[in-house]
Structures are given as C-alpha cells and as structure tokens.
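This report describes selected features of one protein model, from helix packing to backbone geometry. The sequence and structure are shown first.

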Amino acid sequence: MSNFIELAAPGVKALKPYQPGKPIDELQREYGIQQVVKLASNENPLGPSPLAVEAMQKHLTECARYPDGNGFHLKNALAEHLNVATSQITLGNGSNDVLELIVRAFATANDEIIFSQYAFAVYPLAAQAINAKAVEVPAKNWGHDLDAMLDAVSSATKVIFIANPNNPTGTWLDGQSLQGFLENVPHNVIVVVDEAYFEYASDRRMQIRDYPNALNWLARFPNLVVTRTFSKAYGLAGLRVGYAVSHVDVADLLNRVRQPFNVNHLALVAATAALADKDYLDKAVQLNCNGLQQLQSGFDGMGLRHIPSAGNFVSVEVGENAAQVYDLLLSEGVIVRPVANYKMPQHLRVSVGLVEENERFLQALSKVMLSVKN
Ligand SMILES: *Cc1c(COP(=O)(O)O)cnc(C)c1O
C-alpha cells in the first residue's frame, strides 16, 4: 500500500483546501430548516440578470459543441466596455482561475509571492500549490500595508497580489497610495490588482473616495495585471467567469498556460449578456449601498464594531465566541462566513442580501448575541 500523502508534490502535501461558504441545501439537510438565508459567499442576492438567463436558454442546445476557446464575443464586448484591446484580455473559469494562471506563468518552486495578512485565501493557496514561498506581510488597520509590502520584495519575488477592495476585510486603497506602490515596485515583478468588487467600490453611491480604476495604469506599468469577475456584481458566481487585463505579452503567456476551453459555452453567452444589462448592475449596486447601511445601523444598534467595507460584504466583530455565534446563526437558518481561517477569530463576515434577508440576519444575530453573553 502506497502512502499517497508522501507521494504528493511538496507544495500540495501541506495544502489546506479552500473553505467555501456552507451551501443552502447542506444546511437544509443537516438542520431540517427550509427557509435558509445564505449571506456567506458575497453572491448577488438579486439572482442572475434576466438577460443572462434568456441568453443561456437560447444557447442551451448548442452544448454538444465545444465552447469558443478564444471567447471571441465576450472578449470583444469586454474590450469595448473597458476600452482595452482584446489581445490584453485573458478569460478564466472565475477570476480564481486567472489568479492561478498568473502564478503558474511566472513563478516556480522557491520563488516568492507576496500578499497581505487577511487577504483573499486564494493567494497563498495558489503559491503553495506550486511550492513557491508564500510571503504574508502584516496588515495595517486590517488593510494592505503597502510600505511593508515594498520592503518584503526581494530578488526572488515574482508576483504580488493586492485585493482592492480586500476580501474578507472590505478595506480599500486609494489611487495615490496604489500608484506610489506601482512606481516603486521593480518592473520585473508582476503586480496583480484584484478588483473583484470593482463595480461596487467604483460606484459613486458607495462614496469610496479616490477609489482607483487600476486599468488606467496599464499603459504606464506593463507589469500590472488587473483581474475582475462576473461572480459578484454581475451575479454569475455559479457559472465561473472572470478575466485579467494586462500587457499583451502577459496575456499571451496566460493564454498559453490556461486550459484550451477553460470558460464554458453558457458562461460565455451569459457573461456577454450580463455585461450589457446596465439596469441590473445599477439595481445591484443600489441594493448593496442600502444593504450596507442597513447592516451597519444594525451593528451600531447592537454595539458591535465592524470594519468599513467597499464591497458587498462586511466583517463584524462578535467577540471570542464567534464560532459559537456562527453555529447558533446556522440553527436560526442563517449562513454567514466564519473567518477564523483568516486569523480573524472574533469576526464573522456577512454578505449584503435583500432587505428582508439582512433583517432576518440582524434579528437572528441580536438573539444569538444575547444567548452567548449569558
Ligand atoms: C470572490 C473573489 C474573487 C473571485 O471570484 P471568482 O468567482 O473566482 O471570480 C477574487 N478575488 C477576491 C478578492 C474575491 O473576493
């Protein structure tokens, strides 16, 4: 009998798998609760854009064919929407796929990959999977400490990940800070600015002052890669579509390492349709602004501190018993996200839902907080 764990590649052996939010039907099975509210994965509570659903229905019968491996229509729509060239775009099976492609294209074992404490869990996973050195830089006020990240750069550094805004903290960097960082990073280090929540953070209704659009720096900093996704504001998390925009040569490399058909046919047509649905996006952002307000007032009313967020989620400090609070919320039919795996053992992250979902969560939290204190 072989010891398969011993056989594994060195990076893989030490990997701990990504912990996703608990699925709704799992809670239904385990707790016998029918009415479940899931605010655990930063999904869009509106459901997908009707235009995306219609597009998928129209193209369903084409699924015996391979998808367009070059994503011609989606890339064209994105190029026009973002004012970039199609040759700068790399499509991915979620932006998660693109993040891994970047690591695989530029780093090998023993190279260094830098990211911040409390930053998105996929960055260390992508680094460890290839046995690269994952360099975690201590955060400042829950957010990226760009000076410390600059200091961490060495001759072995290949890739730096910056999430703006960051998940799970919701913290963001202003344009001046990020530009200063890009000016000072050696130009042979790839800097990934992960803008998974761009459509929220950049909307003026969110009132995030000086939130930068990193695409504007691409011409000036060829080592910059900007990633975005259809999973959050565009409401297509289940389809898995994201993309990177970069220098054409970087895009060329990323396209060499990706799977030939990494984005499926329905995802391609749905994303193209969703991109054109301005009403949907507008509604989603408005709902999010109101929902963040609603959650924040709720927390204030309960005397709970939260980290100000530029995303569609917020991390709230519930204290030492956060794991218990999480469990008790489950028994109330409410799924949020524990963030102890991010070394934030006193916080829970909650995604913004519909008004009534936020209300149900706040009610449940208020009940649960009383019972854990006693
Ligand atoms: C959700 C998220 C992503 C990616 O999600 P995909 O569904 O893979 O596109 C990337 N970065 C951050 C910071 C996220 O929160």
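## Packing of α6 against α11

The model is predicted. In it, the axes of helix α6 (residues 95–106) and helix α11 (residues 248–257) come within 9 Å and cross at roughly 100 degrees. This crossing angle falls in the range of 65 to 115 degrees, and the two helices are therefore roughly perpendicular to each other.

On the α6 side, the contact is made by Leu101, Ile102, Arg104, Ala105 and Phe106, which meet Val250, Leu253, Leu254 and Val257 of α11. By class, the residues of this contact comprise eight nonpolar, no polar and one charged.

## The covered helix α7

Helix α7 (residues 122–129) is mostly covered, with six of its eight residues buried. These buried residues are Val122, Tyr123, Pro124, Leu125, Ala126 and Ala127. The elements that cover them include α6 and the strands β3 (112–116), β4 (133–137), β5 (157–163) and β6 (190–194).

Tyr118, in the loop between β3 and α7, has a positive phi near 65 degrees although the residue is not glycine. Tyr118 is buried, since its relative accessible area is 15% and the cut-off for burial is under 20%. Asn131, which follows α7, likewise has a positive phi, near 65 degrees.

## Further backbone geometry

Most residues other than glycine have a negative phi, and most peptide bonds are trans. Asn42 has a positive phi, near 55 degrees. Asn42 is placed in the loop between β1 (37–38) and α4 (50–59), and is buried with a relative accessible area of 1%.

The bond from Asn164 to Pro165 is cis with omega near -5 degrees, and the bond from Asn167 to Pro168 is cis with omega near 15 degrees.

The largest cavity has a volume of about 60 Å³. Its lining consists of 13 residues, of which Gly69, Gly71, Leu91, Arg258 and Asn262 are the closest to its centre. Divided by class, the lining of the largest cavity holds five nonpolar, five polar and three charged residues.

Asn358 belongs to helix α15 (residues 355–373). Asn358 is buried, with a relative accessible area of 0%. Beyond its neighbours within four places in sequence, Asn358 is in contact with Leu39, Gly291, Gln294, Leu295, Ser351, Val352 and Gly353.

Glu317 lies in strand β10 (residues 313–317) and is partly exposed, with a relative accessible area of 23%. Setting aside neighbours within four places in sequence, the contacts of Glu317 are Leu304, Arg305, Gln346 and His347. Glu317 and Met369 are separated by 52 residues in sequence and by 11 Å in space, C-alpha to C-alpha. Pro345 is located in the loop between β12 (337–338) and β13 (347–351). Residues up to four places away in sequence not being counted, Pro345 touches Gly319, Ala322 and Ala340. Between Pro345 and Leu287 the separation is 58 residues in sequence and 29 Å in space, C-alpha to C-alpha.

Conventions
Residues numbered from 1 in each chain as written. Predicted model: local features only at pLDDT ≥ 70, side-chain atom pairs only at ≥ 80, totals over all residues. Heavy atoms only, no water. 1 Å grid on protein atoms, 1.4 Å probe; cavity = no way out; pocket = protein on both sides within 12 Å on 5 of 7 lines; lining within 4 Å. Points joined across faces, edges and corners; volume = space filled by probe spheres on them. Nonpolar A, V, L, I, M, F, W, Y, C, P; charged D, E, K, R; others polar. Axes fitted to C-alpha atoms, helices over the stretch in contact; angles between N-to-C directions. Helix = DSSP H or I, 4+ residues; strand = E, 2+ residues; numbered from the N terminus. Parallel < 35°, antiparallel > 145°, perpendicular 65-115°, else oblique. Contact = heavy atoms within 4.5 Å. Buried < 20%, exposed > 50% of the residue type's maximum accessible area, 1.4 Å probe, protein only.
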